[in-house]
Amino acid sequence: MRPRFLARVLAALLLAALVWLVVYPLVLVLLEGLRDPGGWTLRYVRLFFERPTEWRALWGSIWISVTSVVLAGLIGIPLAFLFARYDLPGGRVLGGLVALPAVLPPLVGVLAFLFLYGETGFVSLLVQRLLRLSDPPWRLQGAGAILLVHAYSMYVYFYLFVRAALQSIDASLYEAAASLGAGRWRTLRRVILPQLYPALGGAALLTFMTALASFSAPYIFGGGFRVMPTQIVATRLNGDDRLAMVETISLTVVALLALWVFRGARPGDSSGGGRKGAAPARVPVRSRPLRLALAVTGWGLAAVLLLPHLTLVLVSFVPLGTWTIEPVPPAYTLRNYVTLVQDPVRARPLLNSLWLATLATGAAVAVALAGALLSARRRIRGGRLIEALLALPWAVPGTVFAIALATAFSVHAPWAGRVILVGTLWILPLAYLVRNLPITSRAILAGVRALDPSLDEAAATLGAGRGRTLRRITLPLLRPALLAGASLAFVTAFGDFVTSIMLYTYDTRPVSLEILSSLRQSDVGVAAAYGVVLMLVSAAVFAIGAERGGSG
Amino acid sequence: MSAFLRLDGLVKRFDGDVAVDRVSLAIERGELVAVLGPSGSGKTTTLRLLAGFEAPDEGRVLVEGEDVTGVAPVSRRFGMVFQHYALFPHLDARANVAFGLASNGVRGTDLDRRVERALALVDLAGFGSRRIGQLSGGQQQRVALARALAPEPRVLLLDEPLSNLDPTLRERTRREIREVIHRVGITTVLVTHEQDEAFELGDRVAVMRAGRLEQVGTPDELYGAPANAFVAGFVGRSSEVEVEVLEPSARGVRIAVAGVEWELGDVSGGALPAPGPALMLVRPEALRLTETEPGALPVTIVGRRFVGPSAIFTARTDGGIVLEVAAPSHAVPAGARVGLMPSRRAGGGIHLFPSSPK
């Protein structure tokens with residue numbers, strides 16, 4: 001039949017495009033690491049193995065990531081239990097506030113930490129004054145600083161995943177365990193915990209992968225301490241491109257190993273499947289002192305979690321050069337924000353990020369929608385492969401993809417599918433697109449899977465062709481999933497730092513790089529103002545995606 | 001034969017498994033045929049072949065002599081009510097009903113008029129602006145019916161139309177569906193695994209098993225003259241007993257049930273089986289309780305279920321054969337030793353079939 005034929009052609013085109021954009025650059029990196037102008041060589045591999053700095057960076061990446069998982073779990077899991085199981089005073093508001101670190105793009109979070117806990121940060125200075133020290137009480141540098149930022153920004157995964165899983169556990173499970181004589185601990189260990197394994201595994205994997213790919217925190221706070229993503233950038237700056245390829249491969253191997261270790265866990269799938277029964281009612285806390293203690297702890301915690309956001313807002317009102325040694329800035333102004341709008345040089349990065357992210361998001365949604373419809377709806381052959389390719393960039397740290405795209409599209413060889421895009425306007429949206437395919441397609445695929453296939457058939461028996469069915473039935477019903485996918489993609493692209501730093505040109509410099517350069521010029525007010533804009537846009541887009549997208 | 005809708009030797013295989021095996025059926029204009037079968041019997045696949053969602057490996061579907069086998073569902077003009085209704089959740093009842101009409105180019109006041117007429121047909125005249133989620137299960141069912149009927153399809157297909165409803169609602173909805181279909185006079189194929197549904201709704205019932213049509217006939221024919229043991233067992237209540245056919249007698253046939261000889265007068269099931277082992281299917285009302293007397297099968301009453309004014313008693317012989325027998329509710333207490341005899345007015349309630357080589 002003809003429509004079937006059309007679907008096959010579309011699928012083939014999509015597959016080809018994905019192979020070209022996702023697989024091909026990675027293969028090129030692998031090849032380039034094993035060659036030099038003289039032909040095949042293991043020189044760079046040997047070089048990699050001989051240098052202790054390489055080993056230290058790789059080991060640094062691994063242990064930082066593992067420790068990040070442990071820390072994030074230690075914070076996120078108890079919080080999830082607290083807010084999912086107990087009815088606390090103000091618990092609803094607090095439960096929402098606790099997820100707030102999610103609206104800070106990585107670089108903006110780092111910036112806030114710098115203003116808070118850096119050498120001249122509010123908290124550092126406060127402690128220094130209180131203890132009458134002559135020097136700052138600590139230096140926000142090295143592994144400790146990186147772990148602090150990671151723990152702060154990544155516990156949210158554990159918190160959200162575990163809370164959702166706890167809420168989806170049927171209340172009758174607790175009752176059944178109780179009626180069988182199981183005490184609280186036995187119920188937790190033998191009944192509840194096993195139900196949480198998928199959520200825990202998913203959160204752990206997500207945290208590990210995010211920490212492994214984390215670039216902003218190590219880049220700003222690392223100092224002499226290198227992890228592989230910062231090492232790769234440094235190596236490239238030195239001009240050792242082929243060594244950088246080998247480093248890239250090593251990072252990819254670690255990422256793939258992590259995926260293999262956690263192969264049972266499927267992050268983001270927790271919402272799937274039919275849920276029966278009611279979520280257990282929250283346990284009210286009756287004892288007054290306990291209520292008070294919990295309330296104080298809860299709100300205290302919220303304050304700590306909100307401190308970075310507030311700091312950012314405060315600093316964004318600081319005029320250039322007025323804040324040096326005072327614990328609190330002496331002067332405030334709106335000028336920083338006015339500059340962002342009025343000064344074309346300052347406004348440019350915002351506009352850049354806006355159109356780059358919009359373009360990349362639109363393309364990611366279109367590709368993901370086509371892939372999801374072809375694979376899950378039309379059950380076209382090769383659908384599984386399309387889904388796998390859409391998900392693949394998730395397994396590969398952002399630095400790796402940036403290098404891969406930079407490698408593939410810096411050569412003019414049309415017969416090999418390579419054109420020069422590096423240095424043009426198009427490389428950044430392309431990079432954002434590739435990086436966003438996994439999150440976008442996961443959201444959209446879930447939406448498509450949740451659609452009852454008989455809706456299509458019903459439309460067909462009512463005489464609606466494919467176009468009309470898509471326009472009137474499928475797309476309106478997918479709107480929540482499309483919005484959710486788009487908002488995730490947009491927020492990631494809008495705040496992106498890791499791919500941008502390697503691929504931007506002056507004309508396409510995004511907000512994140514302008515933050516960095518403002519910081520270098522000690523223009524903290526403008527840097528913070530950019531940060532606030534990023535934060536607000538992210539929060540607004542998330543809110544739209546979450547509200548229109550239902551609870552997902 | 002000039003049937004309105006013909007299924008002509010339909011075969012459908014999935015990965016080598018035959019789901020539908022040479023199904024042929026001729027349906028008159030305005031007739032309602034209920035396809036009845038257990039799950040996995042191929043009845044739903046047959047319906048999907050009719051709708052055009054699946055392409056048959058062999059055979060044809062004809063409407064008024066026109067071969068529509070290769071016609072896509074979009075252009076087939078068959079209306080369908082899906083098992084879970086498949087109502088469009090983002091549209092209200094009116095927009096759901098209007099969808100098919102608008103697909104066919106109906107616009108403006110004509111559209112409005114026909115939508116209102118379809119809603120009125122299913123007794124939902126004031127409900128047009130309700131969202132699907134605001135309608136009860138029964139109302140959703142009727143919106144689905146109105147939506148399928150609104151574009152005036154040539155054939156109406158119903159896939160387990162009542163399976164999603166509360167048992168208390170089913171009977172009423174069944175009557176409503178029957179009434180609407182008869183008022184419209186549309187040729188209808190209905191698929192169900194509920195015997196009551198098939199018997200009440202179907203002008204004729206087609207019993208399906210393992211992809212094949214076992215028998216097609218009116219409810220009376222199926223009940224009174226089942227073509228084989230499967231149909232007899234699947235339609236109505238009956239007990240299965242292995243018996244020995246002894247010889248034809250003056251009034252019918254003599255058989256031995258667990259060593260007791262019975263003379264059966266009115267035996268249906270086609271030709272009388274030859275002497276030898278046979279399978280007897282016996283309806284509860286075709287047996288009667290007696291004293292433990294000669295010629296009666298001695299049994300113990302082991303259970304009782306009330307069915308209106310009478311009850312169905314479960315009786316067991318010493319050899320472990322279990323039989324059901326209908327009798328007034330308080331005829332005998334549980335545990336009683338009684339006898340069983342064929343009722344004098346068995347009225348076609350006892351069927352003998354060749355012993356199936358199991």
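Q: In S12(B), which residue is the bridge partner of B:Val245?
A: This is a predicted model. Strand S11 (residues 239–248) of chain B and strand S12 (residues 253–257) of chain B run antiparallel, joined by four bridges. In S12(B), B:Val245 has as its bridge partner B:Ile255.

Q: Which strands are the edge strands of the open sheet in chain B?
A: Five strands of chain B form this open sheet, with antiparallel pairing. Their order is S13-S12-S11-S14-S20. An edge strand pairs on one side only. In chain B those are strand S13 (260–264) and strand S20 (350–354).

Q: What is the average twist from one strand to the next in that sheet?
A: The sheet is the open one with the order S13-S12-S11-S14-S20 in chain B. From one strand to the next, its twist averages 40°.

Q: Which residues of H18(A) does H17(A) meet?
A: H17(A) passes H18(A) in a right-handed crossing. From H17(A) come A:Gly398, A:Phe401, A:Ala402 and A:Leu405. In H18(A) they meet A:Ile427, A:Leu430, A:Ala431, A:Val434 and A:Arg435.

Q: Which element gives the most to the side of chain A that touches chain B?
A: The contact takes 15 residues from chain A and 19 residues from chain B. On the side of chain A, helix H19 (453–461) and helix H20 (466–494) are the elements that give two or more residues. With six residues, the element that gives the most is H19(A).

Methods
Residues are numbered from 1 along each chain as its sequence is written. Chains are lettered from A and ligands numbered from 1 in the order in which they are written. This is a predicted model: local features need pLDDT of at least 70, side-chain atom pairs count only at pLDDT 80 or more; totals for chains, interfaces and linings use all residues. Two residues are in contact if their C-beta atoms, placed from the backbone, lie within 7 Å. A crossing is left-handed if the near helix is turned anticlockwise from the far one by less than a right angle, and right-handed if clockwise. Two strands pair if DSSP finds at least two bridges between them. Axes are lines fitted to C-alpha atoms, for helices over the stretch in contact, and angles run from 0 to 180 degrees between N-to-C directions.
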